[in-house]
Amino acid sequence: MQAFKSTLVALGVMAAFASSPALAQVSVRVDTAKPGAVINKNVYGQFAEHLGTGIYEGLWVGTDSKIPNTRGWRNDVVGALKALHVPLVRWPGGCFADEYHWKDGIGPRSKRPVSVNTNWGGVPETNAVGTHEFFDLAEMLGADAYVNGNLGTGTPQEMAEWVEYMTSTGQSSLAQLRARNGHPQPFKVAYFAIGNEAWGCGGNMKPEYYTSLYNHYTTFLKAPKERMPKLIASGGTGDDTAWTDVLSRDAGRVTDGISFHYYTLPTGEWDRKGAAVGFPESEWFSTVQRTLRMEDFIRKNVAVLDKNDPKKKIGFYVDEWGTWYDVEQGTNPGFLFQRNTLRDAVVAALNFNIFHAHAERVRMTNIAQMVNVLQAMIITDKNRMLLTPTYYAYQMYIPFQDATSLPVTLANNTTYGANGQGVPGISASAARAKDGKVYVALVNTNPREATDVTLDVAGQAAGTVRGQVLTADAMDAHNTFEKPQAIKPAPFSAAASGGKLTVKVPAKAVMVLAIEG
């Protein structure tokens, strides 16, 4: 076999294979007697940036639109997002945040200035969606608000005044201005970030310089005690832990969380990322392999936090993550539109399982992004809307929001690999949800072979499992407006036989199961 693979490699052919240990079945053991950290519901947070049609058209159509809407927000999209129990929305960026001046987005919409979105497509930004509109959306969704402040082109005064405008309960001029603009009561700002990607589009800074600015700006961010948002520092990306180190050491006093960004590119190359559909199995494998690097990135940053913050005050917030492919041909390159396939659902579920394993520190994540941009939940085309495989992954994992994580041990795991490299064939996570049930999530990374998994729930008789499975025949299966339900979850159940509960996990599948006695 090895000689055969070596020959294929020499010929420039990527050989895909699956190998199983001597024992036939993968064993997943869940220990209910040793509950871990609570999986913060904000791990399932979302992100809506002023980018492409992510907000304008995708979410906001305006009050005069023929598309059914409530105060300008389209009813179909809001309804679909509410069904996901979206806990948190980050806004207005992203790179956009560091060029956003909040006063442009208040007052009568017809009088708001028009600017240019220099980061994303060079298109006009009408500022029709501003502070009041965003909080209206958050209220419709029943979600907390995560606002990203402008450090890059703003000033401490501008940032401080925005926080005051949103949170003040007094009779200051800014509080009165907010009231005249239609909201006498202060907004609830759950989280507020000081800048975004300070190492890149947010200013090309070094961590020491940014940390000084962070301490400078946060000195002037003031709000009533009960209204003060939790403050987030702009952290690093990839395998660079310097940002986490410097920030947790020198700015931890007023920091609730340090952000982290990582995108999964099939090729690892920004100039040629790989196609969203029609890709070869080699890119299925490389995508899985690269997204699993998240585990190592988190582990290394958590080690730094444990050193500098032993009381575990500071969270590690992965507030931008997801897949990033070459943009769809014929679309504006700055709009970052890509189709969403079964591969994206598998990537999402693999990351969920990683986040659960680090629930003590990973208390928030925000996939990029909610609608029409990158790894979106929803795609729209004028008055039409469809749900993506990633949407269904989020829907299947709803029971894990605020659930108590449970230790999972895998034995005899398979290996899925290519070109002599391998990744675990099965990924698993478990938790006791708020409804009292134990839920197990299983992901099969192998796109060609099903795997039998034996479930052993210590401390609980496991007679049956019921839940859902998401899979399809093609690696790039996706929904279209012509076939909007080409891929969606199907019900699944299995019963114990001979005292053993075995589940057949289909190839390239995501499963979420409730354990029943």
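The dialogue below turns to confidence, a disulfide and a helix.

Trainee: What pLDDT does the chain average?

Mentor: This is a predicted model, in which local features need pLDDT of at least 70 and side-chain atom pairs count only at pLDDT 80 or more, while totals for chains, interfaces and linings use all residues. Residues are numbered from 1 along each chain as its sequence is written, and side-chain values use heavy atoms, with hydrogens and water left out. The predictor's confidence in each residue, from 0 to 100, is its pLDDT; the chain averages 93, and 95% of the residues score at least 70. Over residues 1-23, however, the pLDDT is below 50.

Trainee: Which residues does a disulfide join?

Mentor: A disulfide is a pair of cysteine sulfur atoms within 2.5 Å. Here Cys95 is joined to Cys201, with S to S 2.1 Å. The torsion about the S-S bond of Cys95 and Cys201 is about -90 degrees, so the disulfide is left-handed.

Trainee: Is Cys95 buried or exposed?

Mentor: Buried means under 20% relative accessible area, exposed over 50%, and partly exposed in between (1.4 Å probe, protein chains only). Cys95, at 11% relative accessibility, counts as buried, whereas Cys201, at 36%, counts as partly exposed.

Trainee: Which residues of H6 are buried?

Mentor: Helices (H or I, at least four residues) and strands (E, at least two) are DSSP runs, numbered from the N terminus. In H6, the buried residues include Tyr210, Leu213 and Tyr217. Viewed down the axis of H6, its buried residues fall within an arc of 165 degrees, so they line one face of the helix; the arc is that of the directions from the helix axis to the C-beta atoms.

Key. Contact means heavy atoms within 4.5 Å.
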